[in-house]
Protein chains: 2
Amino acid sequence: MNPIGYSQLFYMTIRALFSKNRIGIVYGASLALLLFLLRWLELRFIIFNHAFEIYIGAIAIIFTALGIWLTLKLTNPKIKTVIVEKEVYLNNNLHFILNEPELAKQGLSKRELEVLQLMAEGFSNEEIATRLFVSLNTIKTHVSKLFEKMDVKRRTQAVEKAKRLSLIP
Amino acid sequence: MNPIGYSQLFYMTIRALFSKNRIGIVYGASLALLLFLLRWLELRFIIFNHAFEIYIGAIAIIFTALGIWLTLKLTNPKIKTVIVEKEVYLNNNLHFILNEPELAKQGLSKRELEVLQLMAEGFSNEEIATRLFVSLNTIKTHVSKLFEKMDVKRRTQAVEKAKRLSLIP
DNA sequence: ACAAAAATCACACTTTAGTATGAGGGCAAT
DNA sequence: ATTGCCCTCATACTAAAGTGTGATTTTTGT
């Protein structure tokens, strides 16, 4: 868009510096160079006179730095374990975990547990029988044995106990 | 028990060494001393010839150690914090909150809710009657009306629905 | 292969749960 | 005061739940 690009602008600036005050710049640069040279010579003299001390100092600095670096690199960070207690509400069956040791303790068979689950959902013996493709009498037998094993007398009691012991959601 | 004690035995051994082969021992000891001296001189010579390198090495070791010490002393200990989430399972009925709008929607009376709660705990109608000091027939009436209002057919169903709707813990 | 446990079913029987109907008293709102 | 709901109780009945006994088949562990 701009007819004069950045490279052109840069070139013009350099030219202005070198053309408008050429003699002054050269003089200044020479002076600076001389001063720099003198400084350098002075430094060399100092270095020459105190070469050993400077060498030792440099070694000391370098190895101190090495020590610091090594320590930072190699030390094991102290591990601080913060245990955050996360409250998990067992309000629904989304994260239900079966209490297997308790199930084993009650001695319920797989089928009995199945019947228990359906019972807890409010199904009648007849409905459970239909769902499991067995006869009503079979369900009654399961229910009876289940009550005996769980040491309860009624289905509502069985359901309450099963929920309490996390046998069912 | 043994008439000759341990101290006596030791003394006899020393005497045997110094008396039976005195010349040999002195000769051996002199030789060893000479060898040790030569070794020491050699070491001195090495140190003298490489004094500068050894000095530098010592400086390096000392300042590395200094760096390490400084770092350990002055830096804050690195602490890596590990956050571990520990799941705490809470018995939800401890913070049970009655779903009052739902209770109003079901239209259950105070007494009916009372009966429902006892039903959920596994009590029979007879037991509920005893606990509430009323007749079995009264409980049956409550239960029947309760079922009608909740649109269920069995107590297990009523309990399941009531729990689901947070009418009971 | 064999014993134990589990699963299935049946029949007879008892108990509990649930329904239908009616009825009396209490209490609050209109 | 009348209406409607709640709580109580009773009787009669039906349906469902639960018990006891016995039997057969399948599964499972040793």
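In what order do the elements of chain A run from the N terminus on? I looked this up to get my bearings, and the elements run α-α-α-β-α-α-α-α-α. I note that this is a predicted model, where local features need pLDDT of at least 70, side-chain atom pairs count only at pLDDT 80 or more, and totals for chains, interfaces and linings use all residues. Residues are numbered from 1 along each chain as its sequence is written, while chains are lettered from A and ligands numbered from 1 in the order in which they are written.

**Entry 1: chain A**

I found eight helices and one strand in chain A. Helices (H or I, at least four residues) and strands (E, at least two) are DSSP runs, numbered from the N terminus. Of the 169 residues in chain A, 14% are buried; a buried residue has 20 or more other C-beta atoms within 10 Å of its own, an exposed one 12 or fewer, and a partly exposed one falls in between, with C-beta atoms placed from the backbone. I also checked contacts in chain A between residues at least 6 apart in sequence, and 59% of them join residues at least 24 apart. Contact here means C-beta atoms, placed from the backbone, within 7 Å.

**Entry 2: DNA strand D**

I looked next at DNA strand D and found 23 residues around it. A residue is near a strand if its C-beta atom, placed from the backbone, lies within 6 Å of it. The closest are A:Ser124, A:Asn125, B:Ser109, B:Arg111 and B:Val134. In this surface, α7(A) gives the most, with five residues. By class I have three nonpolar, 11 polar and nine charged residues. Ala, Val, Leu, Ile, Met, Phe, Trp, Tyr, Cys and Pro count as nonpolar, Asp, Glu, Lys and Arg as charged, and the others, Gly among them, as polar.

**Entry 3: DNA strand C**

DNA strand C has 22 residues around it, the closest being A:Ser109, A:Arg111, A:Val134, B:Ser124 and B:Asn125.

**Entry 4: helix packing in chain B**

I then followed α7(B) to its neighbours. The axes of α6(B) and α7(B) come within 8 Å and cross at roughly 110 degrees; axes are lines fitted to C-alpha atoms, for helices over the stretch in contact, and angles run from 0 to 180 degrees between N-to-C directions. That makes α6(B) roughly perpendicular to α7(B). Angles under 35 degrees count as roughly parallel, over 145 as roughly antiparallel, 65 to 115 as roughly perpendicular and the rest as oblique. On the α6(B) side I see B:Asn125, B:Glu126, B:Ile128 and B:Ala129, which meet B:Leu136, B:Thr138, B:Ile139, B:Lys140 and B:Val143 in α7(B).

With α8 (residues 155–164) of chain B, α7(B) packs at about 55 degrees, the axes 11 Å apart. The two helices are therefore oblique to each other. Here B:Val143, B:Leu146, B:Phe147 and B:Met150 of α7(B) touch B:Arg155, B:Ala158 and B:Lys161 of α8(B).

**Entry 5: a phenylalanine to look at**

Most residues other than glycine have a negative phi. I located A:Phe133 in the loop between α6 and α7 of chain A, and it counts as exposed because it has 7 C-beta neighbours inside 10 Å. B:Phe133 also has a positive phi of about 55 degrees and lies in the loop between α6 and α7 of chain B.

Terms used
Two residues are in contact if their C-beta atoms, placed from the backbone, lie within 7 Å.
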